[in-house]
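Take each task in turn, try it yourself, and then follow the worked solution.

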Amino acid sequence: MSFASNDGGVLKYTDISSIPNIVSSLNQSFHTRALDSIDLRIKILTDLYNAIRSHSEELCEALYKDFHRSKFETATHEISPTLAELQHVISNIKKWAKPKSGPYAPALPFLTMGKKLERIPLGVVLIISAFNYPLFLSISPVVGAIAAGNCVVFKPSEITPHFSTVLTKLLESTVSPDYLRVVNGAIPETTSLLEQKFDKILYTGSGRVGKIVSQAAARHLTPVVLELGGKSPAIISKSLSNSELKIAIKRIIWAKFANAGQICVTVDYLLIDEVVYDEAIKCIQETVKEFFSKLDSSSEGYTHIASQRGYDRLVSLMGSTKGDILVGGVTDETKRFIYPTIYTGITWDDSLMEDEIFGPLLPIIKFSDINHTISDIISNHDTPLAAYIFSQDSSEINLMQTRVRSGGLFINDCMIHVGNIAAPFGGIGKSGHGTYHGESSFKTFSHERMVLRNQYWSEKLYESRYPPYKNTNKKL
Ligand code: NAD
């Protein structure tokens, strides 16, 4: 069976008037507590694993239609980690869901009788996803929510309509509507969703919309996980040898221009120590030549910008920066194509240094003192989603580690930490709050509850708590 749309890829939006009913029917379904069965959760996740595996070609084709993403990139950046996460959760869910014995309370030993800590589901949760990795960013939280026993309303991005059409059909034909419902649409549909009461919301996207989501959630006291973006810096230190520098540059250029820079944890800007600056610039030119010398707007293997709005924003940035083009600068609006473009001579007040770039533009700043450059990161763009340092000097690494607060810190490489689906992933401050992936998702979508059971024969131990109190004025 094929899920590909045969109507030109037009994504069918959910009727707004049906949204309250969708949420209330999931609430009713949650209260049947069918998902208390761990075997049922495992069955749903196994079905999902098999469906994604057998429809991976279609998922790749849809993303190619949406923004010219190559099959290789979709297979390695999205399908592999999604399947790996499903496998990891399926194999561990019984262990995570098993009640643990409660902690020992030394001051109140008698309270430790009959105690356990159990993880209970939250109820009906809402997951809102971004466009740039629309499989991994959607299925990963959906898996965590179902693994923890919740019912889910899932809102994919409207910016990738072919993909969202395939994913919706895949989910609807794999998971019972008693447990998962997909709501498609743009701002009006999401606004209507946010008027409903959920037991948790996990939102992936920009900080601007993150604030709207948080405000809407606060009306119902709904807890929110925000997976946002930001300006993630990479520092290149003078401690690298020429051969290490070459490798560092290769890793950075790969991370920056994969998915045409539309990645939340990509290198947003590059800071290079003046001691290795000339050599680094030479390596950058050689690496771009090696990776992209034959690239133009009709080449395969390089992603285009997903939306006209995103393309216009990037082209306007290219027009307003005062930097000098080191490589690139070529665009093709008919295909929303922007060649990998790197700028030197950038200062902290340049337009490219204001907000997250989220596209294939890389500003470079030369620095002479790593202490100062770390202070500049903190005063301009503290709490990024990721921070990268390429260094062999442990005092420099330590400086970055102790001073810059970031969602993740990666030394001598970038981006691949997100593929560790067993580790918690999330931002801090402006880049968001809360974590997910693997057991961290299971915890995010459940509540840890202490359950105590007392005995009636122990009543003598408790008698002093009852009024009338004796010795009320006794010195403590
Ligand atoms: P976006 O904020 O434009 O959209 C995300 C979702 O919010 C979409 O489903 C969209 O329909 C919905 N939305 C948009 N405007 C809305 C409004 N006014 N009211 C209610 N809902 C609205 O983000 P995007 O362009 O899809 O993604 C890019 C951003 O996401 C970047 O900032 C990037 O760094 C961030 N991101 C973060 C992560 C992460 O894991 N931390 C991952 C991917 C992307």
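**Exercise 1. Find which way the side chains of strand 7 (residues 224-227) point, and decide whether they are buried or exposed.**

Solution. Keep in mind that this is a predicted model.
- Step 1: Val 224 and Leu 226 point one way from the strand.
- Step 2: Val 225 and Glu 227 point the other way.
- Step 3: Now check burial: all of these residues are buried.

**Exercise 2. Work out how strand 7 is joined to strand 6 (residues 200-204).**

Solution. 
- Step 1: Strands 6 and 7 run parallel, and 4 bridges join them.
- Step 2: Pick out a pair: Tyr 203 has Leu 226 in strand 7 as its bridge partner.
- Step 3: Follow the chain from strand 6 through helix 8 (residues 207-218) to strand 7; this β-α-β crossover is right-handed.

**Exercise 3. Look at strand 17 (residues 432-433) and describe its pairing with strand 7.**

Solution. 
- Step 1: Strands 7 and 17 run antiparallel, joined by 2 bridges.
- Step 2: Leu 226 turns up again, with His 433 in strand 17 as its bridge partner.

**Exercise 4. Describe the residues around the ligand.**

Solution. 
- Step 1: There are 28 residues around the ligand, and Thr 190, Gly 205, Glu 227, Gly 229 and Cys 264 come nearest.
- Step 2: Helix 7 (187-195) and helix 8 are the elements that give two or more residues to this shell. Helix 7 gives the largest share, 3 residues.
- Step 3: Sorted by class, the shell has 13 nonpolar, 11 polar and 4 charged residues.

**Exercise 5. Step back and judge the chain as a whole: does its radius of gyration agree or disagree with that of a compact globule?**

Solution. 
- Step 1: Count the elements: the chain has 15 helices and 18 strands.
- Step 2: A compact globule of 476 residues would have a radius of gyration near 23 Å, and the chain has 25 Å, which agrees.
- Step 3: Finish with the contacts between residues at least 6 apart in sequence: 71% of them join residues at least 24 apart.

Definitions and conventions: Residues numbered from 1 in each chain as written. Predicted model: local features only at pLDDT ≥ 70, side-chain atom pairs only at ≥ 80, totals over all residues. Buried ≥ 20, exposed ≤ 12 C-beta atoms within 10 Å, placed from the backbone. Pairing = 2+ DSSP bridges. Right-handed = clockwise from strand over helix to strand, strands pointing away. Near = placed C-beta within 6 Å. Nonpolar A, V, L, I, M, F, W, Y, C, P; charged D, E, K, R; others polar. Rg over C-alpha atoms; globule rule 2.2 N^0.38 Å. Contact = placed C-beta atoms within 7 Å.
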